[in-house]
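Please read the following note beside the model. It treats the points in turn.

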Amino acid sequence: MTSHAHLIPEVARALELPTLERIEFCQTDRWVGYTRAQQILNQLDDVFAYPKSLRMPNILLVGRSDNGKSSIVQHFVHRHPMVMREDGSPGPCVAWVAMPATPTESSFWSEVLWSLHIRHGERDSPEKKRRQAFDAMEYASVRVLAIDEFNHLTNAGKDAAKLLAAIKNVSSSLRIPIIASGTQAAINALNSDAQMKSRFEPAVLDRWKLDREYLRFLASYETFLPLAEPSGLATRELAPTIYGMAGDTIGGTVKLLKNAASHALRSGREKIDVDVLNSMGHLRSGEWDEAAKRA
């Protein structure tokens, strides 16, 4: 057993790096396949493998902001990248787009085309872009269209109905599933079209609780932080403090752990403990009102 058994081998090797490079290593995004994320990924993989039919399955991944929706979708996209077979034909893949902040049918089709690396006239008519997008998706063997920030549909105004119809047309005409992700507002966007809503199955990312799953996540994430000494993030001493500071989203927890590890290294420490957490000047969850008063 090595003296750094609390770290995975790649991270243990990073202990030899200069401090600034170790801090950069701390800030690198890491994938931790916690239980709910793995369940949703399995659900998405099932959709990817679904045979073409008249009514394809669609999924709406819903959760509050900063709770890991985009990370799950991006991990799914990376599992099914655009590749070329030996005969030169495209292999099945996932196309990913982000719904524009104030979307129109035209801007949506542009996002689809750009995601497939298709140059086009951004001032072209929506119909022309739609035809290009359909041709491009067919040629690229797109098996799933993933749409992030689906909640932005609520900003579309009169164009919302056209956008929903366009998305439904993609699924019906090309016979590919749609995987959408967004905040609770994404549900509101679907409420305006009962038929469209019936085509989606919800997949919910719940807020985190201070339970066994959260402790497992902390223990797993500790293996990615290049600190020479074990921190014991999942212990009774540290876990409640971390939860109280980070709040009930995975994004808040990851941000806190990255910054705490970086702060420890800058302070000449080799682990995260209560002193490190209390000295890093982190604004605790729920303190934004106080911050507004002080600013």
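Which residues of α4 are buried?

1. In α4, the buried residues are Lys69, Ile72, Val73, Phe76 and Val77; buried means under 20% relative accessible area, exposed over 50% and partly exposed in between, with a 1.4 Å probe and protein chains only. Because they cover an arc of only 135° around the axis, they lie on the same side of α4; the arc is that of the directions from the helix axis to the C-beta atoms.

2. This is a predicted model, in which local features need pLDDT of at least 70, side-chain atom pairs count only at pLDDT 80 or more, and totals for chains, interfaces and linings use all residues. Residues are numbered from 1 along each chain as its sequence is written, and side-chain values use heavy atoms, with hydrogens and water left out.

3. The cover over the buried residues of α4 includes α3, β1 (58–62), β2 (93–98), β3 (142–148) and β4 (178–182). Helices (H or I, at least four residues) and strands (E, at least two) are DSSP runs, numbered from the N terminus.

4. The axes of α3 (residues 35–48) and α4 (residues 69–79) come within 10 Å and cross at roughly 45°. Their contact (heavy atoms within 4.5 Å) is made by Ala37, Gln38, Ile40, Leu41, Leu44, Asp45 and Phe48 of α3 and by Ile72, His75, Phe76 and Arg79 of α4.

5. Asp135 belongs to helix α6 (residues 126–139) and is exposed, with a relative accessible area of 52%. Between the C-alpha atoms of Asp135 and Leu174 there are 9.8 Å, although these residues are 39 residues apart along the chain.

Conventions:
Axes fitted to C-alpha atoms, helices over the stretch in contact; angles between N-to-C directions.
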